[in-house]
Amino acid sequence: MAQDFCKSLTRRSLVAAGLALSVAPVALAGADDAYAQAKENAKDIPSEKSLYARLGGVFAIAAVVDHFSDAVVKNPVVGQKSKNPHLREWHTKNLKRLPGLKFMRTLWVCNVSGGPFQFTATKPGKTPVGLEEAHRDLRISPAEFDEVAAELGRTLDFAKVPKREKAEVLSAFAAHKDEVTAGYVAAAKRG
């Protein structure tokens, strides 16, 4: 094997190798300087993980959404026995749509928590996520919204989501209260 290696060496390849070796220390020194500079600059950049990563990614989020969605259906205030006829009807006559709703909720949580998925509203509205149009016909009252938020909190506790992450998820949810309750507010103003 050594003989084969020696036979493949030519004067031209030796000269080229010598040139490469004479340039290598200069290139390596430049790389060392660049690495040191990058390392110094990285000190100013927070290395905190996104909420998406801290929640455990798409599979953990999907498991929470699955549990939450099923709990909402059974919830006496906002589910199948709700006094709100629109919510009651959705949770009894439209359950064939629940798998799609779970999918959309999972995308939404992944998106707002900094994950690699993009949520797009199925019924675009005035807001970027279009939640007002998706919920308008359900006429969800502020109290019903709060009950759904409480159900989400119970689900996050069930999944043993740490306090900090739970607070961030609930905050992201609460930020859309006006959108989700827009149908109720509009109906109340009409009569």
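Biologist: What does the protein chain average in pLDDT, and how many of the residues score at least 70?

Modeller: Good place to begin, since this is a predicted model. The protein chain averages a pLDDT of 81, and 74% of the residues score at least 70.

Biologist: Where is confidence lowest, and where is it highest?

Modeller: Look at two helices. Helix H1 (residues 2-8) has the lowest confidence, with a mean of 42, while helix H4 (residues 57-74) has the highest, at 98. Over residues 1-31 the pLDDT is below 50, and this stretch has two contacts in the model beyond near neighbours in sequence.

Biologist: Let's turn to aromatic rings. How is a pair of them described?

Modeller: The general idea is that a pair of aromatic rings is described by the distance of the centres and the angle of the planes. Here the structure holds two aromatic pairs. One of them joins phenylalanine 145 and phenylalanine 173, with 4.8 Å centre to centre and 20° between the planes. That pair counts as stacked, because the cut-off for stacking is planes under 30 degrees apart.

Biologist: Which helices do phenylalanine 145 and phenylalanine 173 lie in?

Modeller: Phenylalanine 145 lies in helix H8 (residues 142-158) and phenylalanine 173 in helix H9 (residues 163-174), so the pair ties together parts that are 28 residues apart in sequence.

Biologist: And are those two phenylalanines buried or exposed?

Modeller: Both phenylalanine 145 and phenylalanine 173 are buried.

Biologist: How accessible are arginine 164 and glutamate 48?

Modeller: Arginine 164 is partly exposed at 45% relative accessibility, and glutamate 48 is partly exposed too, with a relative accessible area of 46%.

Biologist: Which residue forms a salt bridge with glutamate 168?

Modeller: That is arginine 54, and the closest N and O atoms are 3.0 Å apart. Glutamate 168 is partly exposed at 27%, as is arginine 54 at 22% relative accessibility.

Biologist: Which residues are linked in a network of salt bridges?

Modeller: The network links Glu48, Arg54, Arg164, Glu165 and Glu168.

Biologist: What about lysine 177 and aspartate 146?

Modeller: They form a salt bridge as well, with the closest N and O atoms 2.7 Å apart. Lysine 177 lies in helix H10 (residues 177-180) and aspartate 146 in helix H8, so the pair ties together parts that are 31 residues apart in sequence. Lysine 177 is partly exposed, with a relative accessible area of 25%, and aspartate 146 is partly exposed at 40% relative accessibility.

Biologist: One last residue, please. Where is serine 82 found?

Modeller: Serine 82 is in the loop between H4 and helix H5 (85-93). Serine 82 is buried, with a relative accessible area of 1%. A polar atom of the serine 82 side chain lies 2.8 Å from the backbone oxygen of valine 77.

Biologist: Which residues is serine 82 in contact with, leaving aside its neighbours within four places in sequence?

Modeller: Serine 82 is in contact with Pro76, Val77, Leu87, Arg88 and Glu144.

Conventions
Residues are numbered from 1 along each chain as its sequence is written. This is a predicted model: local features need pLDDT of at least 70, side-chain atom pairs count only at pLDDT 80 or more; totals for chains, interfaces and linings use all residues. Side-chain values use heavy atoms; hydrogens and water are left out. Rings of Phe, Tyr and Trp (its six-membered ring) pair if their centres lie within 6.5 Å; planes under 30 degrees apart count as stacked, over 60 as edge-to-face and the rest as tilted. Helices (H or I, at least four residues) and strands (E, at least two) are DSSP runs, numbered from the N terminus. Buried means under 20% relative accessible area, exposed over 50%, partly exposed in between (1.4 Å probe, protein chains only). pLDDT is the predictor's confidence in each residue, from 0 to 100. Contact means heavy atoms within 4.5 Å. A salt bridge is a side-chain nitrogen of Lys or Arg within 4 Å of a carboxyl oxygen of Asp or Glu. A polar contact is a pair of N or O atoms within 3.5 Å; within protein, one must be able to donate a hydrogen and the other to accept it, and residues adjacent in sequence count only if both atoms are side-chain atoms.
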